[in-house]
Amino acid sequence: MKIKPLGDRVVIKMLESEETTKSGIVLPGSAKEKPQVAEVVAVGPGTVVDGKEIKMEVKVGDRVLTSKYSGTEVKFDGQEYTILKQSDILAIVE
């Protein structure tokens with residue numbers, strides 16, 4: 001079973017990055033802020049708003065930068081994902 005987003009929604013998986021302070025101390029996940037870089041795992045087909053077609057600008061596999069507290073967190077098959085609108089994605093990380 002897969003998650004298939006509707007409209008202009010995107011399913012992302014947050015990327016965990018190990019953070020080290022300037023003095024070399026490694027911070028555990030509980031001490032860090034929520035990560036903002038994620039990988040796109042599914043993309044909706046797009047939508048029509050006020051007669052204008054909104055095309056999806058991201059694709060599966062893209063690394064993206066998201067708004068800090070955007071989207072809805074879901075747990076599916078033991079993995080945590082976030083479903084959000086394409087407008088909540090700030091940039092594609094290259």
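Zero helices and ten strands: that is the secondary structure of the protein chain, where helices (H or I, at least four residues) and strands (E, at least two) are DSSP runs numbered from the N terminus. Along the sequence the pattern reads β-β-β-β-β-β-β-β-β-β.

A quick word on the source: this is a predicted model, in which local features need pLDDT of at least 70, side-chain atom pairs count only at pLDDT 80 or more, and totals for chains, interfaces and linings use all residues. Residues are numbered from 1 along each chain as its sequence is written, and side-chain values use heavy atoms, with hydrogens and water left out.

Of the 94 residues, 24% count as buried (under 20% relative accessible area; exposed is over 50%, partly exposed in between; 1.4 Å probe, protein chains only). As for contacts (heavy atoms within 4.5 Å), 65% of those between residues at least 6 apart in sequence join residues at least 24 apart.

Now the salt bridges (a side-chain nitrogen of Lys or Arg within 4 Å of a carboxyl oxygen of Asp or Glu). The count comes to two:

| Pair | N to O distance |
|---|---|
| Lys-85 and Asp-8 | 3.8 Å |
| Lys-59 and Asp-62 | 3.1 Å |

What does the Lys-85 and Asp-8 pair tie together? Lys-85 sits in strand E9 (residues 79-85) and Asp-8 in the segment before strand E1 (9-14), so the bridge links parts that are 77 residues apart in sequence. Lys-85 is partly exposed at 37% relative accessible area, while Asp-8 is buried at 11%.

In the other pair, Lys-59 is exposed at 54% and Asp-62 is buried at 10%.
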